[in-house]
Amino acid sequence: MEENKVKFAPTCSRETWIARQNLMNKVRQFFLTRKCLEVETPALSNACGTDPQLDYFEISGEVPRFMMTSPEFHMKRLLSAGFGDIFQITKSFRKDEFGSHHNNEFSMVEWYRVGMPQEQLMDEVESLVSEILGLPIHARRTRWIEAFKNYGGVDPFCHDLNDFAEACRNHQVPVPESSEKLCREDWWDYLMVFVIEPALASNGPEFIMDYPPSQAALAQTYKDAEGFTWARRFELFVDQVELCNGYTELTDAAEQRRRFNDDLEIRRHMGKPLPPIDENFLSALDAGMPACSGVALGLDRLFMLALNKPEIADVILFPSPIA
């Protein structure tokens, strides 16, 4: 009997689930009081994103369908259709993602503010997170390049890639096997996870912003005073947990198509499936999506922090491995 109970029981207690639902109500109320319109977009679509770092669930049939890794494309179509400020609390799906901070199926809140500068959207993210955590977080704001220099002790644009291995050794982090085969961006990803993110925990909540253009995704880019190009993108880290990813949104359909094609070429070299480009989304950009900033925030992770739980499985009823 006890063995059967273990097999069928949820990983989240009833008391924790009630607390989670109370927090979910706070999230919804946060946006409703700010006059954002709640929307609901499809979980299944004819197309999906092309990000080389994401893997998606494909549903076979006469016409292939994809479980959405984010509601972003559909929500931007609504922006182009004149819906104004919108938010959505939804489930998203990413293949082969599970762990203490990951699950194949997860809850997020995504929202877009028409005409709002990115810095003001970051203020709003900070307000939401503070309200759910029950205390003001006062997040620092650090440029991506400065995070590498200050926390990793390395210039991410160094001439010698061996400098990255040396940074690992300086922080007592194992140098990856076959490190000589890693490209610069591989090193960036590795140091971000194993060197920089752990260092962020000791400094309290922190926004990392202004990413290199190769990591712009769907963000606008700009040139700084020295002529270097950066992406208007930000992420918030709290207690070594990445909570959100936000952009000053790209509205140029031609540039977005170029980025999608570049992504597909990278996926081809990685031996990954090549999803169809979302032509409806590109048509929306071409029709004229308004200038806006947008962000997606992981609710399971936020609730995990708010309820002082070590893993998101503690705030999800049936996480991926046992679902």
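**Exercise 1. At roughly what angle do the axes of helix α8 (residues 253-270) and α9 cross, and within what distance do they come?**

The model is predicted, and local features need pLDDT of at least 70, side-chain atom pairs count only at pLDDT 80 or more, and totals for chains, interfaces and linings use all residues. Residues are numbered from 1 along each chain as its sequence is written, and side-chain values use heavy atoms, with hydrogens and water left out.

Step 1. The axes of α8 and α9 cross at roughly 150° and come within 8 Å. Axes are lines fitted to C-alpha atoms, for helices over the stretch in contact, with angles from 0 to 180 degrees between N-to-C directions. Helices are DSSP runs (H or I, at least four residues), as are strands (E, at least two), numbered from the N terminus.

Step 2. α8 is therefore roughly antiparallel to α9; angles under 35 degrees count as roughly parallel, over 145 as roughly antiparallel, 65 to 115 as roughly perpendicular and the rest as oblique.

Step 3. From α8, A253, Q256, R257 and F260 meet E279, F281, L282, L285 and D286 of α9 (contact means heavy atoms within 4.5 Å). These residues divide into 5 nonpolar, 1 polar and 3 charged. Ala, Val, Leu, Ile, Met, Phe, Trp, Tyr, Cys and Pro count as nonpolar, Asp, Glu, Lys and Arg as charged, and the others, Gly among them, as polar.

**Exercise 2. Determine how helix α3 (residues 72-80) packs on helix α9 (residues 279-288).**

Step 1. The angle is about 30° and the axes are 9 Å apart, so α3 and α9 are roughly parallel to each other.

Step 2. The contact joins F73, K76, R77 and S80 of α3 to N280, F281, A284, L285 and G288 of α9. By class, 4 are nonpolar, 3 polar and 2 charged.

**Exercise 3. Describe the packing of α2 against helix α10 (residues 299-306).**

Step 1. The two helices pack at an angle of about 120°, with their axes 11 Å apart; α2 is therefore oblique to α10.

Step 2. R20, L23, M24 and V27 of α2 make the contact with L299, D300, F303 and A306 of α10. This contact has 6 nonpolar, no polar and 2 charged residues.

**Exercise 4. Characterise the second largest pocket by its volume and lining.**

Step 1. The volume is about 250 Å³. On a 1 Å grid over the protein atoms alone, a cavity is a set of points where a 1.4 Å probe fits but cannot get out, and a pocket is an open set with protein on both sides within 12 Å along at least five of seven lines; lining residues have an atom within 4 Å of a point.

Step 2. Of its 17 lining residues, K91, N103, E105, I316 and F318 are the closest to the centre. The elements giving two or more residues to this lining are α2 (14-32), β5 (86-93) and β6 (105-114), and β6 supplies the largest share, 3 residues.

Step 3. The lining of this pocket divides into 9 nonpolar, 4 polar and 4 charged residues.

**Exercise 5. Identify the residues that line the largest cavity.**

Step 1. The lining consists of T41, P42, A43, M68, S70, P71, Q88, T90, K91 and S92.

Step 2. By class, this lining has 4 nonpolar, 5 polar and 1 charged residues.

Technical notes: Grid points are joined across faces, edges and corners, and a volume is the space filled by probe spheres set on the points.
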